[in-house]
Each structure stands twice: as C-alpha cells, then as structure tokens.
Amino acid sequence: MEEFVRQSQLEKIRHFLKMGYYDSVVKESCAVLEEVLKQVYRKAVAELPVKDRTALLEAETAIGRGVKGYTEFGFGQLVAVFSKSRLLDVWARHTGAKLGMLKSISLDYIVELRNQLTHNGSAQQCARSEASLVYECLMSWLDFIGYQEQKTAAEETEQSVPAFAGKADDRTKQTSVQKHIDYLQQKTVSSYHSDKASEVRRLKIQSRFSEESDHESFLYALQRIGHKEHLCGLDVGCADGYVTESRFRSEYGFELVVGVDHNEKMIARQSDHDIFRYRHINVESPDFEDEMDELLDEFGIEGFDVIFMALTLHHLKQPVRFLRKIRRYLNKGGALILRGVDDGALIAYGDDGLVEKVIEESIETKNMSDRFHARKFYSMLRTAGFDDIKMNYAEADSVGIDAEEKDVLFRYYFKFRSDYTKRQLDSDPDNPEYRRKHEQMCEDLESLQDVFLKPDFYFMVLTISAIAIR
C-alpha cells in the first residue's frame, strides 16, 4: 500500500482540515481516492467471476470510449466505471462482505464537489461538514482495502483489517462526535412520513411554536425584497398546507403561492383555492428540475420571490446539492427562508441525563433524519452560492408555563422519536435488537414525559432559521 498511499499524505489532509483549508482537504482526498479506486478495480478484474469481470471491462471500455484504459482515468471517470458496473454490489455478492458504509457515501456527490472547487479556482466553496465527509469517505475506503497507518506509541493498537474483508462497518466504542459523523455517513433516505394522523397533529403544534419566528423571517425577507405586491411564493415540503397558508399571507403581497411535497396522499387532500396551489413534486427525483420548469410554465412565471423550507432540508440525502438546484428558481433579489431545529441546540437540567440518552438513541436509529442540521444552514448556503445571509434564532423553554403547555413542548420535541424506532422495527419485525431499541425508547420517553412535569426541571431549545438573499 505504501506505493500509492504515504502517511505524510494523510497527515497533510488532517492538517488542512484542522486549519480550515477545506477545499484542499477535498482535492487531496480525491487524489488519494483515485489511486485507491484503481487498486480496487485491478483486484476486481483479477478475482471476479468471468461474467462479472466482462461487465466491468465493458464499463471501462464505454467510459474510456475504447481509447483509454482505467490506468489513464481520472477520479470522475473511475467513479463512473464503479457506478455503471455496480462494482460494490457485485463485490458484496461475490464475497459476502457488508459494504453498507461505503455504499452510503455518494462518490458522485464527491466528484461534483471536487469539480465545483476546481472550476471556481482558488475561491473557497467548501464547508467543513463537506470536507469532513470526504475525508471520512477516504478513510473508509482505505479501511476497506486493508491499509494500516503507522501508529505512534501514544495511540491505541488496532487489529489489522484483511484486504477486501468488508470490515468497514464494524464499530467499537465511540465518542459522541464520532457517532455523529458515522450517523451522517450512514444516513440514506429519511423514513419520515407526514400523512400519519399523529404527525399531522404534531405539525400543527410545531407550527404554533415557530409561528412568531417565521413571521420575523418573512418580515425581514419582504423588507429586503423591497416591494409588497404581486409576489410569488413557494413552500417546499408543504405537507397538508397548514403551515403554508399561515405563513404566506395575502396581506404580505402574495398573489400566487405554490406548495410542493413528495407525499401524494397529502397533496391529494388539498384543493387549489384563493392564492394557493398544491402540486406533487419529489425534490430528490432525477426529474425535479424538469417538473419545476413545467410548474413555472403552468403559472406563467419566471421564478419565485420567496421560497420557504421548514423542517424539510434535514430529510434530504444531499441538501447542499438541492440548495444549488432550488436557487435557480429564486428570482434575483428574492429570499430563501430555511427553518430547522438542532438536537445540539438545547439545554436540559434536572433530568439525570435522560434527554441526552433519548437523543443518543435517536442517532442510532436506522434512516433517522439529520437532527443536527440547523447548525449547518450558514455553511450550506454559502457552499450553494449565497453570500447575503441572516440567521434568526427563537427559543422555547419550560419557564412560566403550565403542565399542559409543558406536555405540548414535550410532544413537539420528543414524542415523535418513538415513531422512528417503530419504523425501524417494522422494517425487520424479527430483529431482537430493533425490538429492544423500540421498547427502550418508549420506556425512556414515558419517563421523560414525567420529568417535564417536575416543577424544577428546565428545558430550552432553539429554533434556527436562515434567510438568504439571491
């Protein structure tokens, strides 16, 4: 392995990450990844059955157009070969290796990020979260091929990983920070559904807590837009339209508001009326931009003056990529409003660590949405091309409210978490670990609900919003 990976290369990447040179982290990591992928390809061609090997070589020929082989490919072309031949799926079938970690990290996204940085010259476009993801991707691939760094005397001795053993998913005891990194990497698509009756009720409670904060965000956006008539608005992730119609008010100057959501059941419940129109669009579909273009044509508009996304971005697999796409549909001088919450933006005292325990249990749940997303708004917006950004914060706490209101606060921020463990269990009902986790979550939530009613318990959570002007 020393022939193409040097300890100094990895030390340099870590140094760049520590110093905040995030563009360099991505570029240097991709350079090493390119060599790793060539090693993986070479081994696959040598060891796979003839049928699979033939498919791999056909993909190489197609990408190289018959004039270049994989040894001459750049990083993007290698990723294209892996994608076209579904090499990881083939290898997993051939060896029985569990490659969930590697498959969960989109190499296509990393190619796009690296290309964007390269085409923009020296201008920094990359956020720390993205650089960290690329670095962790590199380390997972190195782990996969059996690369071992030289350890110092102060570091713990680790067992070697056999080459192509598929051990990249094995986890030892981790810090909370490492669990967070792993959680983000393993996230695929959120299992969230907004059409469940209990969720519809919770969304209305949620709307109550965030209404004042959203009002402030809209007023700031409208003041920056500079006019208050003939406005077009878009609500991305509108669900049943309850929040849409309470935020986009006709007195603000809106004469057309379009709500879009991926959930056909929710959209089917709505009917167009007054200034409101509802359409089914899946924002993560490959056809998203085509459907949005059709939407603009349908209403005879060039774009939207205000685009609103409340608690939507954290369900997406590639939120920054989506922000780049949605920016195209925002009129020049228009405002994009994001709202979210963050499991790290809270304070709890008097619960004996129960709040932290519930959050840890949430993180470990399969297909949990990114509950640490709101802190990333600023960086994600900058990466997506926005530079005129205002952050808005609103707190909700347990001070000076009665028992009923405390119970509402609990339901707003915690009660729904048992739905995640329940969906995980429903995906594999015979899995004893999933059953144990669901039962533990239900038990802990019941205890926490009692804690919320204690007179000396204190809880505070921030709702975080970002308003970006194009």
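Me: What makes something a helix here?

Reply: A helix is a DSSP run of H or I with at least four residues, a strand is a run of E with at least two, and both are numbered from the N terminus. By that rule the protein chain has 19 helices and 7 strands.

Me: Which residues of helix 5 are buried?

Reply: Leu 87, Leu 88, Val 90, Trp 91 and Ala 92. Buried means under 20% relative accessible area, exposed means over 50%, and partly exposed is in between (1.4 Å probe, protein chains only). Across the 470 residues of the protein chain, 51% count as buried.

Me: What makes the Glu 298 and Arg 279 pair a polar contact?

Reply: Their side chains are joined at 2.7 Å. A polar contact needs a pair of N or O atoms within 3.5 Å; within protein, one must be able to donate a hydrogen and the other to accept it, and residues adjacent in sequence count only if both atoms are side-chain atoms. So 2.7 Å is within the 3.5 Å limit.

Me: What makes a set of residues a nonpolar core?

Reply: They must be buried Ala, Val, Leu, Ile, Met, Phe, Trp, Tyr or Cys residues, joined through side-chain atoms within 4.5 Å. The largest one has 51 residues, and Phe 75 and Trp 141 have the most contacts inside it. Helix 2 gives the most to this core, with 11 residues.

Me: Which residues does Trp 141 touch?

Reply: Leaving out residues up to four places away in sequence, the list includes Leu 33, Val 36, Phe 82 and Leu 107. Contact means heavy atoms within 4.5 Å.

Me: How confident is the predictor?

Reply: pLDDT is its confidence in each residue, from 0 to 100. The protein chain averages 83, but over residues 151-195 the pLDDT is below 50. Where pLDDT is low, the predicted coordinates should not be read in detail.

Methods
Residues numbered from 1 in each chain as written. Predicted model: local features only at pLDDT ≥ 70, side-chain atom pairs only at ≥ 80, totals over all residues. Heavy atoms only, no water.
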